[in-house]
Amino acid sequence: MSGRRLLLVHAHPDDESTATGATIAKYCAEGAEVAVVTCTSGELGDVVSEELAHLRGDPAALGERRRRELGEALAEYGPVRHHWLGGPGRWRDSGMPGEPGNTAEGAFAGADPLEVTRSLVEIVRAERPQVVVTYDDHGSYGHPDHIAASRAVMAALGPAADPDYAPELGRPWRVLKTYWVVLPRSLLTELEQWGVSDFQPYTVADEELTAVLDARQYHPVKMAALRRYRSQVDLDSDEFFTWMVSRPEFAIEHYLLVRGRRGPGEGEHGWETDLFAGLEV
């Protein structure tokens, strides 16, 4: 083990692989301790496989299926530790913006912030990561659960380091660097070629990025993990998502540092090439 510890907080099963799969693969391969937190079971996701059509309209069964898929996907990366925020099934998928699930009982988007903070503080203190990754404050593309996950992380960092906050949850721990995974604005040109234009409000100007991890050597691992999500992903289709994830460039992942000190970087914009840059670990 390298002594490096990375914690990633995501909203639903498959988000960890879609957004940060190459990062997970890279740090697992380099001997870092990697842990993933998932906030919901993704009960309201679209079922793309006709073979699994019986799961449509059955949130409980779909959630169970996606939990199983998550375990299979994480195994592709290696020794990744996993936590369900609040325990399996504590909070439910809220659905896309404006859907009834946003305000349904148990929806993560409407969860008690104090309970969420307590649950995440316990995980942070147990894992003791130097670096934490989650979404930006737009939730990458406006999904209520992604926004809630980002807020949960940002709200938990202070209490996790406070010795007076819930000492029964473990010894306090200060996270040194916190990143949001983001979409670079330079990606818009390619997205627009496919008629995808609604991501523009959620992108970050390239010169404002902090870290860019070129992990193309781990693209096959990221793809193998995504293939485990048969209910959610069809990598044999001719749709935009398949084109996007099949390119080696899909394993270049982009980050914005929102807490902590920026480390040394490279190139025109001084991008970090390591999320642990500047840390003595």
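Which residues does Glu43 touch, not counting residues up to four places away in sequence? The contacts, defined as heavy atoms within 4.5 Å, are with Pro59, Leu62, Gly63, Trp91, Arg92 and Asp93. The model is predicted: local features need pLDDT of at least 70 and side-chain atom pairs pLDDT 80 or more, while totals for chains, interfaces and linings use all residues. Residues are numbered from 1 along each chain as its sequence is written, and side-chain values use heavy atoms, without hydrogens and water.

Glu43 sits in the loop between strand 2 (33–38) and helix 2 (59–77). Helices (H or I, at least four residues) and strands (E, at least two) are DSSP runs, numbered from the N terminus. Glu43 is buried but forms no salt bridge. Buried means under 20% relative accessible area, with a 1.4 Å probe and protein chains only. A salt bridge requires a side-chain nitrogen of Lys or Arg within 4 Å of a carboxyl oxygen of Asp or Glu. The nearest side chain of opposite charge belongs to Arg92, 4.3 Å away. A polar atom of the Glu43 side chain lies 2.9 Å from the backbone nitrogen of Asp93.

Strand 5 (residues 177–184) is mostly covered, with seven of its eight residues buried. Its pairings were assigned where DSSP finds at least two bridges between two strands. Strand 4 (residues 131–135) runs parallel to strand 5 and is joined to it by five bridges. Here Val132 stands opposite Thr178. Strand 6 (residues 203–204) is also parallel to strand 5, with two bridges. Leu183 faces Thr203 in that pair. Strand 8 pairs with strand 5 in the antiparallel sense, over five bridges. Trp180 stands opposite Leu256 of strand 8.

Leu256 lies in strand 8 (residues 252–259). Apart from neighbours within four places in sequence, Leu256 is in contact with Thr178, Tyr179, Trp180, Val182, Glu208 and Thr210.

The buried residues of helix 7 (residues 219–227) are His219, Lys222, Met223, Ala225 and Leu226. Viewed down the helix axis, these buried residues fall within an arc of 160°, so they line one face of helix 7. The arc is that of the directions from the helix axis to the C-beta atoms. An α-helix has 3.6 residues a turn, so residues three or four places apart point the same way.

Key: Buried < 20%, exposed > 50% of the residue type's maximum accessible area, 1.4 Å probe, protein only. Lys, Arg positive; Asp, Glu negative; His and termini not counted. Polar contact = N/O pair within 3.5 Å; in protein donor to acceptor, adjacent residues only side chain to side chain.
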